[in-house]
Amino acid sequence: MNDRLLRYDKKSVYVFIDCETLNLCLNSCHNLPWQIAMIKCQNGKSGPDSEISDSKDFLIKWDTKLKISDDAARITRFSQDKLDKLGKKPEEVFTTIREWLDESDYIVGHNVLGFDLYLIKELYKHFGLCYKHLVPKILDTNALARGIKTNFKYDKSSSLMEYQYCMNNRRVRGVRTNLKAMGEEFGIEHDYDKLHDALVDLELNIKVWDKIKYQIDL
């Protein structure tokens with residue numbers, strides 16, 4: 001037994017993160033996150049043995065003329081009234097987001113390399129900070145799932161980040177690795193009708209990670 005594998009890791013702090021945005025653009029000139037949710041746990045595990053220590057669900061009000069697209073509003077059940085009532089300014093939430101990400105051992109998300117990381121980068125840039133120290137800590141469950149489902153094994157002679165970026169750009173017809181598809185394939189019980197709420201997505205993401213980590217040696 002290799003007790004150095006992440007599946008046996010009981011000490012590291014994992015932060016799961018997900019952003020809901022105004023649209024799908026990856027540049028802050030045209031897109032901003034209106035919801036950022038995070039779940040912190042010590043062993044990255046779901047179920048009765050989970051050690052979830054805290055969670056955050058931030059609604060963010062930006063000083064911008066950008067408007068949410070009709071499709072994004074429909075898919076995410078966006079409520080302007082709720083945002084007006086509960087939303088906070090970016091500077092009110094960034095300190096916590098930064099502390100959680102900077103102090104974590106691993107940052108986990110589904111398609112975080114292909115999407116959320118760009119929003120995180122722009123958020124750090126907004127406050128005059130660099131995000132690059134976060135990248136080596138990222139575990140993208142979408143990229144890892146693609147590696148598993150296409151039988152493209154991780155070769156430890158290369159970096160894990162290199163492998164994940166390779167898998168992130170790997171497309172195979174008929175292979176579906178979105179969060180809902182992975183949850184259903186693993187037989188995970190979840191309220192799938194409420195997906196595209198960032199916190200609900202993360203609750204499923206943790207359960208999917210708990211399956212994936214037993215299928216790939218990390």
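In this predicted model, Arg-146 is found in helix 5, which spans residues 141–149. Arg-146 is buried, yet it takes part in no salt bridge. The nearest side chain of opposite charge belongs to Asp-140, and it lies 7.9 Å away. Because a salt bridge calls for a side-chain nitrogen within 4 Å of a carboxyl oxygen, Asp-140 at 7.9 Å does not qualify as a partner for Arg-146. Leaving aside residues up to four places away in sequence, the contacts of Arg-146 are Met-167, Asn-168, Asn-169, Arg-170, Arg-171 and Thr-177.

Strand 5 runs parallel to strand 4, and three bridges join the two. The sheet as a whole is open and mixed in its pairing, with five strands in the order 3-2-1-4-5. Strand 3 (52–59) and strand 5 (138–140) form the edges, each pairing on one side only. From one strand to the next, the twist averages 20 degrees.

On one side, strand 1 pairs with strand 2 (residues 33–41) in the antiparallel sense over eight bridges, and here Asp-18 faces Ala-37. Strand 1 also pairs with strand 4 (residues 106–109), this time in the parallel sense and over three bridges; Val-15 has Ile-107 as its bridge partner there. Eight of the eight residues in strand 1 are buried. Both faces are covered, with Tyr-14, Phe-16, Asp-18 and Glu-20 on one side and Val-15, Ile-17, Cys-19 and Thr-21 on the other.

Key. Residues numbered from 1 in each chain as written. Predicted model: local features only at pLDDT ≥ 70, side-chain atom pairs only at ≥ 80, totals over all residues. Heavy atoms only, no water. Buried < 20%, exposed > 50% of the residue type's maximum accessible area, 1.4 Å probe, protein only. Helix = DSSP H or I, 4+ residues; strand = E, 2+ residues; numbered from the N terminus. Pairing = 2+ DSSP bridges. Lys, Arg positive; Asp, Glu negative; His and termini not counted. Contact = heavy atoms within 4.5 Å. Axes fitted to C-alpha atoms, helices over the stretch in contact; angles between N-to-C directions.
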